[in-house]
Amino acid sequence: MAGMAPDFDSLSIHRPELADSYLGLLASQPGRPLALFAPRRIGKTFFLDQDLAPAALARGWLPVYADLWLQRGAPLAAINHALEEALDDATLPASKAGKVAGTPVTKLSALGVSVDLGAAPARRKLPEPPELRLDSLVQRLHAASGRPILLMLDEAQALADGQSAATAQALAGSLRAVLHKRRAQVFAVLTGSSPDALAQLLASAGAPMYHFAQVLNFPPLGDEFLKALAEHYGRVHKGRRPLLDDLRRLFERLGHKPALLRDVVKAMSAEGQVDVDQGFAKYLSDERHVAGWRALIDTLGPLERGLARAVAAGLPPLGQETRHELGQLAGLDSPPTVGKVRAALERLRKLGVVTRSGAPQVEDPFLQAWLLGRPPALQDPPALRRGAS
Ligand SMILES: Nc1ncnc2c1ncn2[C@@H]1O[C@H](COP(=O)(O)OP(=O)(O)OP(=O)(O)O)[C@@H](O)[C@H]1O
Ligand SMILES: [Mg+2]
């Protein structure tokens with residue numbers, strides 16, 4: 001098909017200036033981490049891995065990546081684990097540094113950092129308590145590598161998730177203390193997709209993280225990505241290509257999630273469909289693309305199903321009018337109480353249909369489009385009534 005051209009899947013957009021601007025900010029305020037926020041699937045992890053880590057290396061820093069989600073409930077252990085790996089890489093003789101690195105990021109950190117300490121004298125054991133261990137590890141890694149460390153803490157809301165507020169604050173406090181004490185040795189970037197969980201930690205008055213991290217909205221990809229998709233489409237289809245404005249509109253509708261848009265454009269390309277709206281409608285009508293959600297929705301009761309549609313349509317779930325509409329659904333005979341709607345909402349959150357925290361939204365844009373478009377669906381609120389099938 002496209003000969004030497006890359007395929008849709010390998011199109012990737014790099015944002016070195018954005019990475020540099022973050023590093024510049026960090027360098028200008030030692031001890032103060034950046035907290036980058038964006039909804040799920042926007043490209044945070046990709047950016048840390050593909051743009052921020054290389055930019056840090058180029059500056060002579062040592063990037064260390066930790067996914068705090070991996071050890072929910074023990075985020076400091078996750079950080080310590082990543083630091084220990086980096087320390088191994090930095091202290092093992094180069095020949096032995098072939099340890100399989102878990103992610104490209106940690107692999108990067110193995111590049112050229114091997115400092116051969118020869119027969120290093122057995123060092124004092126690392127302290128067991130996680131916060132002391134963190135402190136020692138930062139110090140040792142900095143000493144072994146001779147470089148500033150860039151600690152990239154992905155999914156930092158895990159600091160706040162799944163534990164009591166007191167525990168979360170103690171954790172945040174320990175992290176803050178180490179990052180502050182070692183500010184000449186380590187910079188930190190936190191990312192999160194649940195602004196609510198971390199904002200609570202960062203912003204609630206008196207919390208240890210308050211005024212500590214600089215909170216920034218991580219920007220979604222822009223036209224560059226859309227142009228790359230259109231260009232690639234054009235290469236495959238002799239110059240025919242989807243319109244940029246249409247792609248921009250769909251990208252927005254898909255919550256700026258690059259993998260989703262790429263999927264739709266790929267499907268369009270496979271069929272030679274160049275009209276974006278028709279392409280998306282076709283995509284949604286393909287049972288394979290929504291089969292998973294469909295199976296899930298089919299297990300829901302009428303109230304939950306109706307509520308999912310109401311949320312997809314942007315109606316306030318607890319509002320009186322919404323409840324009145326819900327009361328007209330087949331299978332319900334009167335408007336549900338606020339308590340019932342709350343319970344149903346909670347179930348939808350648990351199933352992942354609706355965002356887990358904050359104002360309820362249908363998280364997956366495909367699901368949202370599908371919920372809204374499923375005939376005879378909720379084009380406008382009164383249609384809730386008939387859409388209950
Ligand atoms: N710069 C980019 N260029 C091309 N594709 C990208 C880019 N960034 C992200 N993507 C695509 O989007 C997908 C999701 O990105 P990523 O996993 O980084 O999102 P995330 O914000 O970390 O999501 P989550 O909150 O679920 O962890 C990637 O697998 C990749 O396919
Ligand atoms: Mg991620």
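User: I'd like to start with Asp9: with which residue does it form a salt bridge?

Analyst: A salt bridge here means a Lys or Arg side-chain nitrogen within 4 Å of a carboxyl oxygen of Asp or Glu. In this predicted model, Asp9 pairs in this way with Arg262, and their closest N and O atoms are 3.8 Å apart. The pair joins distant parts of the chain, 253 residues apart: Asp9 lies in the segment before α1 (16-28), while Arg262 belongs to helix α10.

User: How many salt bridges does the rule give?

Analyst: The count is 17 salt bridges.

User: Now the ligand. Which residues come nearest to ligand 1?

Analyst: Arg262 turns up again, together with Ile13, Lys44, Thr45 and Phe46, out of 16 residues around ligand 1.

User: Which polar side-chain contact does Arg262 make with ligand 1?

Analyst: For a polar contact, look for N or O atoms within 3.5 Å of each other. A polar side-chain atom of Arg262 is 2.8 Å from an oxygen atom of ligand 1. The side chain of Thr45 also places an N or O atom 2.8 Å from a ligand oxygen. Gly43 uses a backbone N or O atom instead, at 3.0 Å from an oxygen atom of ligand 1.

User: How much of ligand 1 does the protein bury?

Analyst: Ligand 1 exposes 630 Å² when taken alone, and the protein buries 87% of that. The space it takes is the second largest pocket. Helices α2 (44-58) and α10 (258-271) are the elements giving two or more residues to its shell.

User: What classes of residue make up that shell?

Analyst: Seven are nonpolar, four polar and five charged.

How values were computed: Residues numbered from 1 in each chain as written. Chains lettered and ligands numbered in written order. Predicted model: local features only at pLDDT ≥ 70, side-chain atom pairs only at ≥ 80, totals over all residues. Heavy atoms only, no water. Near = heavy atom within 4 Å. Polar contact = N/O pair within 3.5 Å; in protein donor to acceptor, adjacent residues only side chain to side chain. Areas by Shrake-Rupley, 256 points an atom, 1.4 Å probe, with all protein chains shown as cover. 1 Å grid on protein atoms, 1.4 Å probe; cavity = no way out; pocket = protein on both sides within 12 Å on 5 of 7 lines; lining within 4 Å. Sits in = over half its atoms within 2 Å of the grid points. Helix = DSSP H or I, 4+ residues; strand = E, 2+ residues; numbered from the N terminus. Nonpolar A, V, L, I, M, F, W, Y, C, P; charged D, E, K, R; others polar.
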